[in-house]
Amino acid sequence: WLAAKTEKINVGTAIMQMTARVPAMTAMTAATVDLLTQGRMLVGIGASGPQVVEGWHGVPYGKPVTRAREYVEIMRKIWKREAPLEHHGEHYDIPCKDGSGLGKPLKLISHPFRDSIPIYLAAVGPKNVALSAEIADGWLPIFFSPERVPVYREWLDEGFGKAAANSGSAKDLTNFDIAPTVHIVMGDDVNACRNQIKPNLALYIGGMGAKGKNFYYDIACRYGYEEAAEKIQGFYLT
């Protein structure tokens with residue numbers, strides 16, 4: 001609907017969970033929307049957490065950094081159409097060896113409007129943030145705090161360095177997009193507006209993960225709110 005009603009604004013996916021969609025499906029979806037919008041599509045992907053991945057999607061969580069690296073590589077191969085798709089990695093085996101034996105490498109039937117659609121990686125921890133800077137076109141941070149930019153910059157610079165070493169071309173904040181999720185509530189009463197944000201914040205910090213394995217809880221602690229984060233988590237895990 002947004003794509004049909006607009007002509008210039010980019011349209012993105014926010015975060016599509018990698019374990020909920022095989023990379024070929026995400027690549028086909030992105031190619032279709034990119035064609036319909038004449039090159040305005042942005043793809044956002046993320047690992048989610050083990051509680052949701054294993055408890056809802058029924059897929060082993062595995063190694064999120066390795067999965068993301070393979071996922072991005074596969075999508076870019078599909079869009080380029082230089083050869084039938086083959087990928088044999090730790091998370092994705094295409095064509096798979098353990099099936100009927102009838103699988104064969106295939107190409108995307110439609111010709112994408114662009115052979116390189118921008119990919120944004122949702123990341124919160126140091127390894128994933130560095131990976132986004134290394135292999136992606138942009139980063140989707142949550143609960144982003146401008147005051148903590150020096151910490152993020154260290155992780156991003158690590159990824160930029162690896163990208164430059166692998167490709168031989170410079171990569172930095174001038175050709176990398178940071179698109180944080182920002183919640184905005186309009187109103188005259190600041191406390192009333194703040195109270196509308198709190199339930200969602202509490203859900204992520206307290207309930208979006210297990211004890212000892214909640215990335216959003218870790219962010220709150222990293223920002224210096226350990227006591228509040230522990231209290232919030234206590235409400236959800238008791």
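These notebook entries cover the aromatic ring pairs that I looked up in a predicted model.

I number residues from 1 along each chain as its sequence is written, and side-chain values use heavy atoms, with hydrogens and water left out. Local features need pLDDT of at least 70 and side-chain atom pairs count only at pLDDT 80 or more, while totals for chains, interfaces and linings use all residues.

**Search.** I searched the whole structure and found nine aromatic pairs. Rings of Phe, Tyr and Trp (its six-membered ring) pair if their centres lie within 6.5 Å; planes under 30 degrees apart count as stacked, over 60 as edge-to-face and the rest as tilted.

**Tyrosine 71 and tyrosine 92.** I read this pair as edge-to-face, at 5.9 Å centre to centre with 70 degrees between the planes. It links distant parts of the chain, 21 residues apart: tyrosine 71 is in helix 4 (residues 64-80), and tyrosine 92 is in the loop between strand 4 (87-88) and strand 5 (93-94). Helices (H or I, at least four residues) and strands (E, at least two) are DSSP runs, numbered from the N terminus. Tyrosine 71 is buried at 0% relative accessible area, and tyrosine 92 is buried at 9%. Buried means under 20% relative accessible area, exposed over 50%, partly exposed in between (1.4 Å probe, protein chains only).

**Phenylalanine 143 and tyrosine 204.** Phenylalanine 143 lies in the loop between strand 7 (138-140) and helix 6 (149-167), and tyrosine 204 lies in helix 7 (residues 190-207), 61 residues apart. Phenylalanine 143 is buried at 17%, whereas tyrosine 204 is partly exposed at 21%.

**Cluster.** I also noted that ring pairs join Trp139, Phe144, Tyr152 and Trp155 into a cluster.
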